[in-house]
Every structure is written in structure tokens, then in C-alpha cells.
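Reader: Hi! I'm new to this one, could you walk me through it?
Author: Happy to, let's bring it up and chat.

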Amino acid sequence: MAEGRYDDALAVIRKAKRQRPAEATRLAVEECAALLGLGRYRDLLLVATRALARSPLDVDLRARLRVARGEALWRSGRVKAGEQEANRALSEAQ
């Protein structure tokens, strides 16, 4: 998916929208990985931020979303904010 296949990334997005909240969070992590591979950092930031707003119960999934969000921030030129998000993910991960 992360090899530049836009249609595959869109399929993951559509599937995530139809799933239960717990499943949607896991699929949001996969979607973030696909968007990172496609170099779509703004979209990645949006997806990760929305998924975090739903307050995922799984601590490790929340940490993975924070890492993805930090990567998007860092790659879009907001290095300090990206580092802070990655450090927050590290402190939350189990």
C-alpha cells in the first residue's frame, strides 16, 4: 500500500469509514502508513488528528497515531511540533 498506490490508500480510507470505532482506529493507523508512503503529509496529519480526537482506548494504537502525526508535522516543516508529538507518543506507549 505504501508504494505509491493511491487507489489502495483510498480503499483503506473507505473501509475505515464503515467500521466500528475500535476497528476504525486500527484502520486509521494503516491509512496513515499508506499516506506516509504516498508523501501526502497534510492528509496524514488530518487523518491522525481526527483519529486521536475520537480518543482511541488502545494505548498503543494511540501512540502509533501520535508517531504518524509527529512524522507528518516534521516532514511538513514543523520540526519542533513533530518532536514534541513523538515524545508524547513515547511517554504514552506501553
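Reader: How much accessible surface does the protein chain have, and what share belongs to carbon and sulfur atoms?
Author: The accessible surface comes to about 6,000 Å², and 49% of it belongs to carbon and sulfur atoms. Such areas come from the Shrake-Rupley method with a 1.4 Å probe, and for residues only the protein chains shown count as cover. This is a predicted model, where local features need pLDDT of at least 70 and side-chain atom pairs count only at pLDDT 80 or more, while totals for chains, interfaces and linings use all residues. Residues are numbered from 1 along each chain as its sequence is written, and side-chain values use heavy atoms, with hydrogens and water left out.

Reader: Thanks! How many helices and strands are there?
Author: The protein chain has five helices and zero strands. Here helices (H or I, at least four residues) and strands (E, at least two) are DSSP runs, numbered from the N terminus.

Reader: And what percentage of the residues is buried?
Author: Of the 94 residues, 34% count as buried. Buried means under 20% relative accessible area, exposed over 50%, and partly exposed in between, with a 1.4 Å probe and protein chains only.

Reader: Which residues have the most contacts inside the largest nonpolar core?
Author: Those are Ala28, Cys32, Leu44, Val47 and Leu65, in a core of 15 residues. A nonpolar core is a set of buried Ala, Val, Leu, Ile, Met, Phe, Trp, Tyr and Cys residues joined through side-chain atoms within 4.5 Å.

Reader: Which helices supply it?
Author: α2 (21-38), α3 (41-53) and α4 (59-75) each supply at least two residues. The most comes from α3, with six residues. In soluble globular proteins, nonpolar side chains tend to be buried together.

Reader: What does Cys32 touch?
Author: Leaving out residues up to four places away in sequence, Cys32 touches Leu44, Val47, Ala48, Leu65 and Ala68. Contact means heavy atoms within 4.5 Å.

Reader: New topic: how many salt bridges does the structure hold?
Author: Seven. A salt bridge is a side-chain nitrogen of Lys or Arg within 4 Å of a carboxyl oxygen of Asp or Glu. Side chains of opposite charge can pair when their charged atoms come close.

Reader: Which residues are linked in a network of them?
Author: Arg62, Arg66, Arg69, Glu85, Arg88 and Glu92. Take Arg62 and Glu92, whose side chains meet at 3.4 Å, N to O. That pair links distant parts of the chain, with Arg62 in α4 and Glu92 in α5, 30 residues apart.

Reader: What other partners does Glu92 have?
Author: Arg66 forms a salt bridge with Glu92, the closest N and O atoms being 3.2 Å apart. Those two also sit in separate helices, Arg66 in α4 and Glu92 in α5, 26 residues apart. Arg88 meets Glu92 at 3.7 Å, N to O. Both Arg88 and Glu92 lie in α5, four residues apart, about one turn of the helix.

Reader: Are those arginines buried or partly exposed?
Author: Arg66 is buried, because its relative accessible area is 10%. Arg62 counts as partly exposed at 22%, and so does Arg88 at 44%.

Reader: What about Glu85, where is it and what does it touch?
Author: Glu85 lies in α5 (residues 79-92). At 8% relative accessibility, Glu85 counts as buried. Not counting residues up to four places away in sequence, Glu85 touches Leu52, Arg66, Arg69, Gly70 and Leu73.
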